[in-house]
Amino acid sequence: MILRLALGSLMARALTVGMTILAIALSVALFLGVEKVRTGAKASFADTISGTDLIVGARSGSVQLLLYSVFRIGNATNNLTWESYQDIASRPEVDWIVPISLGDSHRQFRVMGTSKAFFERYKYRAGKSLVVNQGAIMDDLFDTVIGADVAATLNYDVGDPIVVAHGLASFVEHEDQPFRVSGILEKTGTPVDRTVIVSLQAIEAIHVDWRSGARIPGQSTPADVIRQMELEPKAVTAALVGVKSRLQVFGLQRAINEYPSEPLLAILPGVALQELWQIVGIAETALVAVSGMVVVTALIGMMATIFSSLNERRREMAIFRAMGARPRVILSLLVLEAALMAAIGAVIGLVLLYAGLVVAQPLVDAAFGLWLPIEAPSLRELWVLSGVVAAGAIVSMLPAFRAYRMSLADGMMIRI
Amino acid sequence: MGSIAPILSLKDVRYQWPGRASFGLEVPDFSVAPAERVLLLGESGSGKSTLLSLICGTITVKSGVITVAGTDIASLSAGQRDRFRAEQIGLIFQQFNLLPYASVLDNIILPLRFTRLRRARVPAPRETAKALCMNLGLPKNAVSAQAGTLSVGQQQRVAAARALIGAPPLIIADEPTSALDAATQATFLSLLFAQADEAGSTLLMVSHDARLAEHFDRVIQMSDVSEPARLTA
């Protein structure tokens, strides 16, 4: 019956109560939404590269190697000589190896030279493979496959010509060897979206007339001559390695790290991603803290509305007291009302979250390559929801205690 | 009254509102016999509300003894006094008696919520509430209506039903008819008396309206009961 009275009382003040509930619902939806994005981003991040057992590069830091080889951020301090590359490739543990050669750019996007095996071996988001959306994987020496963001930003179609610039922020272009877009990849949400992929040989081809990072004056080898040349690279930037048996990963890693003729570094991508996330993760903590504050703000708003309703509810309290209710009953009635508001708000917030997810999921995936799974609320989310209800009950203690004291003083008579 | 134990008695009662030196109440001797209908007449400011609060135990006396149905109120703890009030006293106010958002039924059975004793006297609250509403001349379907939607006269009848349910020994009415017009007043009072008789409850009504006197067994002026005191304590 007390519950029925509390509900009736809330219903009688539908407008203010509704606004309060709406504020709580929105804040809860925001909080849970941030949680979703956070876990989704973390999962997407960890899924940037999968299926690769080791990443090999010149010796530097593991995060640095991960950053330039996978995220195309920063530069390699040194290269991996072609001899070392082939040495590793020929080891018995190695199942496959994919070279990566970086250093040139097209507009704001990095150019990556690699082998065709890259398209089979590079996996993301728990084993998904790259898919060519339009056109085909490069066939000719001067063919290129571009990521979805490259195509979208520069408005490229299959067949368009591309001129690659030497270096990363350079006006010196390899204009004598223009490329042709042969394929455009589907959006992946990984750095591949922002990459222009060419063959390893193509990287060599555009540097035929170059020595030590500068063009040899007056020399310009025609493309058909280049095609006849043996375009074996002298070095690559890094290599992705798959082993035959997972058990061999650590053995191979040690062997590469102790490689005698050149200082090399082999990293486990999963471990390096974890390390990197610890750096990036500070932002996520800040995000959670901010959205948590929004929930707190909504609850304080509720407290304020309860406070302001106390005076107009003195009559009601006097009636309760006259009927033999102890002041404690009035306290618990107010706390119950607050808990109900918080609970309704939390449930509506959850509904808003799922409604939002249904609408936003494909959009977010397309725009940011961020996959937000729609699944039953996790235990953590249920804890958050019950925490909101509990916090609502706790903050309402303040006005409820004031009502307690008022009703103790007023008794059944109201004197103002 | 003679040898019958009074349902209500006040002896040498002195009360002073805290922080208000000028205003207080002193009742040397006042009692009401069981099943009696007493009208207490007094102007506003004569201490009626204070007296009712004292009898109901929401405020406590500094000195003197108040007994309701044989129990010295001062001997009870605050919580016990609240339950005792729910058990022994049915209350009707001038107006705004009801929780406007609750149904008529919930309003009527509200006092039963706070006392097991009185609840035990009403085995079927819903039916009893309906019967009381019928007897007090309310429409048949009134119990399920929201209290706030009723007219003032109907609300007062609901308040009467609430005071009567579970037959508390003492019914206290504080100007219950002042918000009603003359015709409704008479009907209301006769219905109230009939139901109080049926329940065997004593009725103490407080009013400033001397015209109501004819309906009562005994009429007392507030000024005869109390000395709105120049207290020295």
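What follows looks at a parallel sheet in chain B and at the contact between chains A and B, both taken from a predicted model.

Start with the sheet. Chain B has an open sheet of five strands, and reading across it gives the order β6-β7-β8-β3-β9, with parallel pairing. The edges belong to β6 (89-92) and β9 (218-221) of chain B; each has a single partner strand, so one side of each is left without a neighbour in the sheet. Going from one strand to the next, the twist averages 15 degrees.

Inside that order, β3 of chain B (residues 37-41) sits beside β8 of chain B (residues 202-207), and the two pair in the parallel sense over five bridges. To pick out one residue pair, Arg37(B) has Leu203(B) in β8(B) as its bridge partner. There is also a helix on the sheet: α6 of chain B (residues 152-164) packs there, touching β6 and β7 (170-174) of chain B. The direction of α6(B) makes about 170 degrees with that of β6(B).

Now for the place where the chains meet. Here 19 residues of chain A are in contact with 23 residues of chain B. On the chain A side, the elements giving two or more residues are α1 (2-12) and α11 (314-322) of chain A. Of these, α1(A) supplies the largest share of that side, with six residues. As for residue classes, the side of chain A that touches chain B comes out at 10 nonpolar, four polar and five charged residues.

Technical notes
Residues numbered from 1 in each chain as written. Chains lettered and ligands numbered in written order. Predicted model: local features only at pLDDT ≥ 70, side-chain atom pairs only at ≥ 80, totals over all residues. Pairing = 2+ DSSP bridges. Helix = DSSP H or I, 4+ residues; strand = E, 2+ residues; numbered from the N terminus. Axes fitted to C-alpha atoms, helices over the stretch in contact; angles between N-to-C directions. Contact = placed C-beta atoms within 7 Å. Nonpolar A, V, L, I, M, F, W, Y, C, P; charged D, E, K, R; others polar.
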